[in-house]
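Have a look at the model first, then read on.

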Amino acid sequence: MAQQELVENDLDTYLEALDENLPVESELSSAAHAELDQHRELREMMRLAAWEMPFLAQHAKPFVRAERTAEKTPLRWRYTTYFSESHPASRKVVVEFKVKHLGLGPKETEKLKKLAGSRYNPETKQFKMSCESFETIAQNKRYLADTVDKLIVEAKDLETDSFEDVPLDTRHHKFKKRMQFPEEWRMTERRRYQLDKERRKALLAEGRKVEEGQIVSGAAAIEADRQIKLKQAEEAVMAEAKKPLPAGKMGKKQMGQRGR
């Protein structure tokens, strides 16, 4: 307690000395007044951090993560952000959901699929809708939420029209053919034993051919051909060296010797 009073007295003494050293406000310029206001705001934040923020610890509560399941939150929203850049696509909102998470009956589910039309993916059993007609993200999201609510209300209204006589149209979706790995290609113990047996048989046959000289070594053939070409080149050089030199013009020294 005494230490806390000492710290408070030291801080008050420092602030009083700081106030005494400040010039008169009437003599300050507008820039100096702005600097002084900033200094006062900083001092106020320092007082809050020193004396009031420690009391917030008594209000702390342990964090409990809320469980999010598809049944509780069936709608999945997706937004697009361009990081502080203005872009027309930044207002676009996309919503996705599956019918099984809405808690509808079989007839209601079939009617909802028919009402959704091309927005239903029969391969993934998922609905997907988007909106960018309004200026803000909140407006587009509100429009999509209202549209989903209207679809669910219409799907539950089986007395007016159940759409049982209307077939489900899936022409808008192109089904992707997924290739299945053949069962006979799967590696089994029997298949592995058979492959090892064939490999050993092939190695024995190749070793027998090497012993009998039926297999030509590629490296040896290349080396023999290189030696033949090297010998031919040496013979051509030696034949050129044995030829007599042609008689050329005589120099002055040779002409003088012939005159004598």
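**Aromatic rings at a glance**

Phe-134 is partly exposed, with 33% relative accessible area. Please keep in mind that this is a predicted model.

- The ring centres of Phe-134 and Tyr-143 lie 5.8 Å apart.
- Their planes meet at 55°, so this pair is classed as tilted; edge-to-face would need an angle over 60 degrees.
- Tyr-143 counts as partly exposed, at 45% relative accessibility.

**The pair Phe-181 and Trp-185**

- The rings of Phe-181 and Trp-185 have their planes at 80°, so the pair is edge-to-face.
- Between the centres of these two rings there are 6.0 Å.
- Phe-181 is partly exposed, with a relative accessibility of 47%.
- Trp-185, in turn, reaches 60% relative accessibility and counts as exposed, because the cut-off for exposed is over 50%.

**An aromatic cluster**

- Phe-97, Tyr-120 and Phe-127 together make up one aromatic cluster.

**Lysines over rings**

- Lys-111 has its charged end over the ring of Phe-163, at 5.4 Å from the ring centre.
- Over the ring of Trp-77 sits the charged end of Lys-141, 5.1 Å from the centre of that ring.

Technical notes: Residues numbered from 1 in each chain as written. Predicted model: local features only at pLDDT ≥ 70, side-chain atom pairs only at ≥ 80, totals over all residues. Heavy atoms only, no water. Phe/Tyr/Trp six-rings, centres within 6.5 Å; stacked < 30°, edge-to-face > 60°. Buried < 20%, exposed > 50% of the residue type's maximum accessible area, 1.4 Å probe, protein only. Lys NZ or Arg CZ within 6 Å of the ring centre and 35° of its normal.
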